[in-house]
Amino acid sequence: MAIKPGVYNMTVQRRSDHNVQLVFKDNNNTAISLVGYTVAAQVWDFNRKVKFADWNVTYTNRVAGTIDIALTDVQTASFIRDSVLYYDVLLTDAHGLKEYYLEGNITVSEGYTG
């Protein structure tokens, strides 16, 4: 079953940690069980020539469809100030079916404190 990924755009400050909790739901607003799924997420430039980071994925509650994705301050330090980067979240089921559930852009802001 092909799905249209949801869109979530965000701003991330360079040299900061950034965490996002995601809850996957179907069209009836029912949680999608992530039992047997693996989740991957990456950050790229527009042309997909430079990969900036792999999000760290924590399975918070698989049955309730909840994960946390996170970037560390070391990862975001490589982001280019005042640029727009792109990310997506890919779910792979136990049979190897891969579907993108979320995508968006990351506006990079400069952090000055520190």
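The model is predicted, so local features are reported at pLDDT of at least 70 and side-chain atom pairs at pLDDT 80 or more, while totals for chains, interfaces and linings use all residues. Residues are numbered from 1 along each chain as its sequence is written, and side-chain values use heavy atoms, with hydrogens and water left out.

Three strands form an open sheet in the order 3-7-6, with antiparallel pairing. Strands are DSSP runs of E with at least two residues, numbered from the N terminus. Two strands pair if DSSP finds at least two bridges between them. The edges of the sheet are strand 3 (18-23) and strand 6 (56-61), and each pairs on one side only. Neighbouring strands are turned by 20 degrees against each other on average, direction ignored. For this angle, axes are lines fitted to C-alpha atoms, and angles run from 0 to 180 degrees between N-to-C directions. Five antiparallel bridges link strand 6 to strand 7 (residues 66-71). Asn 61 has Thr 66 of strand 7 as its bridge partner.

Most residues other than glycine have a negative phi. Two arginines have a positive value. Arg 15 has a phi of about 60 degrees. Arg 15 sits in the loop between strand 2 (10-13) and strand 3. Its relative accessible area is 39%, so Arg 15 is partly exposed. The classes are buried (under 20% relative accessible area), exposed (over 50%) and partly exposed (in between), with a 1.4 Å probe and protein chains only. Arg 48 has a phi near 55 degrees. Its place is the loop between strand 4 (38-44) and strand 5 (51-54). Arg 48 counts as exposed because its relative accessibility is 54%.

The whole structure holds four salt bridges. A salt bridge is a side-chain nitrogen of Lys or Arg within 4 Å of a carboxyl oxygen of Asp or Glu. Arg 15 forms one with Glu 110, with the closest N and O atoms 2.6 Å apart. Glu 110 lies in the segment after strand 9 (98-109), so this pair ties together parts that are 95 residues apart in sequence. Glu 110 counts as buried, at 13% relative accessibility.

Lys 51 and Asp 54 form another salt bridge, at 3.0 Å between the closest N and O atoms. Lys 51 is partly exposed at 39%, and Asp 54 is partly exposed at 35%. Arg 81 and Asp 82 also meet in a salt bridge, at 3.8 Å from N to O. Asp 82 is exposed at 62%, whereas Arg 81 is partly exposed at 48%. Shared partners join Arg 14, Arg 15 and Glu 110 into one network of salt bridges.

Conventions
Helices (H or I, at least four residues) and strands (E, at least two) are DSSP runs, numbered from the N terminus.
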